[in-house]
Amino acid sequence: MVKSILLVGVGGQGTILASKLLTTGLMEAGYDVKMSEIHGMSQRGGSVSSQVRYGDKVEAPVIEVGGADILVSFEKMEAWRWLKYLKPTGKVVVNDYQINSMPILAGKFDYPDGILEELANKVPTTVVNAAKHATELGNPKVMNVILLGTIIKSMGLETIHWEKIIRDNVKPKFAELNLKALAVGMSLV
Amino acid sequence: MKKLLTGNEAIARGAYEAGVKFASAYPGTPSTEILENIATYKEDILAEWAPNEKVALEAVIGASIAGARAMASMKHVGVNVAADPLFTYAYTGVNGGMVLVTADEPGQHSSQNEQDNRNYAKFAKIAMLEPADSQEAKDMIKTAFTISEGFDTPVLVRMTTRVCHSKGIVECKDREEVGIKEYVKNVRKYVTVPANARVLRVKVEERLKKLQEFSNTTELNYIEWNSTKIGVIASGGCCNYAREVFGDSASYLKLGFTHPLPTEKIKEFCHKVEKVYVIEENDPYIEEQVRLLGFACSGKDLFPFCGELTPDVIRKAVYGKENPSIDYDADKVVPRPPTFCAGCPHRGFFYTLGKRKNILVSGDIGCYTLGFAEPYNAMDYNICMGASISAGHGAQQIFSMQKDSPMRVVAVLGDSTFFHTGVTSLLDVTYNQSNTITVILDNRITGMTGHQENPGSGYTLQGKETIQVDIEKLVRACGINQIRVINPNDLKAVEEALDWALSLNEPSVIITRWPCVLKKFSPQDKEEFKGSFTQRCAVDPEVCVGCRMCLKTGCPAVSFDKTGKKANIGLDCVGCEVCLQVCPKNAIHKEEA
């Protein structure tokens, strides 16, 4: 049985670190894991995705249309952009966070209204305010690890030794902060 | 030991385990991290950024001739630049093993084309391997060196973006120290004057025959028998995609060694299955061989020529539809194109340039290519690395032929692109004297690929301090007498420099010198650009009249509050002051961040 997790957001939001921690944990738990990311030009404020797949034996590193068990979006509009990759039986965790793209900043388009409500009408949706919680923890940058916490809880992966994974993969001075962020994220789902 | 590695990290690990002594590359997505990861094996491998791919491959060829195992890596279009030495080294053969990794881009995520570099193996008549995932990437690099030395051939290893940038679990082993082979002068083998090259030419054909035999016997090409109703022939990542779609309902001929193709294995497979699908991204490279052998198959008649053949694409092609998904109105989503970062030194320059009339802006490859887009609209074309200056020269010569034409050419390229192939292009301008204006956007680093050192940055890939090539002196040495160095964040300086250059009737160069906002500053940078990026700009809402002039700078830190009708500057501002200079009401001021 292969499970697929789709993490999406905007270049610079830290999806890459979140997926790195996630895949490392899955590997150490004994799963076969594959993960796909596209780097390059999209990093400059573009739409980004990390596709994580795990199970006994994983063939493709990419998630197909209608293939994700969970869609975790670091930004509201990105959840809408990637929704077709979710299984009809899948669920969404969405960060209540808005990043205006250049056409919106330039006044050519309006940021779409009511995304969170429409998502909730279509699929089981958990809305989290990771920015608020990250700021309360003292560093807006840990939004990504809070969202990682929501994935772990949503996918029932709590038994993996996340503390060790985090200590092994982040700078010692940020370890405690990230552990707190992970706990906050897990409590939100 | 098991590790979770990207394909690129796995290639680097393979090079380490294979006993590689020397590696060289020029950065380019999706290949960049290969050499960056090789560079971490500092004790064992000398890893160098070269100014361009041709130079990288030539350095690797020299290392191979001198007896070391050596590897070059580059993006697909980089192989075009490096094709000249490749085709000759294909004739001479190697001393120490030589492997060239090409990172192709089905889907064109970060590239100007989608060329299928498997054609290069056929064209140059050399061996080729195609890994499907990270484990294979590591293993095949080691096999590639054995093949290179065993068959006296350069070996092409063809990766694709998904294999480069996907992670998988890799069993890592120790380094095999193969040493450096003795160098023995051998002019008949290595001096390719026609008399020798004609002899080598025959050997190349003999080598191909031996490689053909190898292709038919090697376990790199294998059959997985399941149901014989459907037979899938695939190489690289496509085989994994196909398994997602067909599972056990198909048998697979999985090809890892793809030049020359295993004709006997293909025959054996096609005879036993009822329906053959050839699933490959880009060109019908395998399909043509299958058809040549006389077998009917479904290939490019069914699967797209363009883009990636991910499982949903295969599913749609074979069964007419994708998996069920949620029905919703995707049109609500606003595009999110890449943009210049807040504080990017290209912003001030392109903002100013875009307002000029009767200018053809000859573009190049880098972050600054985004200057073509809204709100700057300051680029007419871009062709390939270095072409801004030379194509600009050609265009200027035609404009200058027409007495009434007011058109002037401004060629724009970055520091790393200038070192890559811009220098020779500038020689064309000075030698043939067109009044082309060349602008070198010197942001002190190779930007778009993620901050690689270059000949102007003062450091090598493995962190040694080195000569910092002075762009101004280099430009002067190329024969340019009219040079200005400016700060591109100073809009008045940009205007004046453009006025000055446009007034000249001879070639000129403007160098904009300001670091990439994401660059990790070197000690020299800290001194030269002291205090930069430490302040921010803010809008005084009492003074702001909501004219939106500041929004025309296209800065992601600047937004507009529609209810209050005021501009707002976000915390990602680093104080470049471009918006401050554009504001007609002086409503923007500087403050400590």
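Q: Which residues are linked in a network of salt bridges with Asp116(B)?
A: Asp104(B), Arg118(B), Glu130(B), Arg158(B) and Glu280(B) are linked with Asp116(B) in that network. This is a predicted model: local features need pLDDT of at least 70, side-chain atom pairs count only at pLDDT 80 or more, and totals for chains, interfaces and linings use all residues. Residues are numbered from 1 along each chain as its sequence is written, chains are lettered from A and ligands numbered from 1 in the order in which they are written, and side-chain values use heavy atoms, with hydrogens and water left out.

Q: What makes the contact of Asp116(B) and Arg158(B) a salt bridge?
A: The term asks for a side-chain nitrogen of Lys or Arg within 4 Å of a carboxyl oxygen of Asp or Glu. Here N to O is 3.4 Å, so the pair qualifies under that rule.

Q: Why is the pair said to tie together separate parts of chain B?
A: Asp116(B) lies in the loop between strand 5 (98-104) and helix 5 (118-124), and Arg158(B) in strand 7 (residues 155-160), so the parts joined are 42 residues apart in sequence. Helices (H or I, at least four residues) and strands (E, at least two) are DSSP runs, numbered from the N terminus.

Q: Why is Arg158(B) called buried?
A: Buried means under 20% relative accessible area, exposed over 50%, partly exposed in between (1.4 Å probe, protein chains only). Arg158(B) has 5%, so it is buried. Asp116(B), at 5%, also counts as buried.

Q: How do you know that Glu64(A) and Arg315(B) join two chains?
A: Their closest N and O atoms are 2.7 Å apart, in a salt bridge. Glu64(A) lies in the loop between strand 3 (47-55) and strand 4 (68-73) of chain A, and Arg315(B) in helix 13 (residues 311-319) of chain B, so the bridge joins two chains. Both residues are buried.

Q: Lys108(A) forms a salt bridge with Glu374(B). Why is Lys108(A) called exposed, and what does Glu374(B) count as?
A: Lys108(A) has a relative accessible area of 53%, so it is exposed. Glu374(B) has 48%, so it counts as partly exposed. The closest N and O atoms of this pair are 3.4 Å apart.

Q: Why does the radius of gyration of chain A agree with a compact globule?
A: The radius is taken over C-alpha atoms, and the globule rule is 2.2 Å times the number of residues to the power 0.38. With 189 residues, the rule gives a value near 16 Å; chain A has 16 Å, so the two agree. Of those residues, 60% count as buried.
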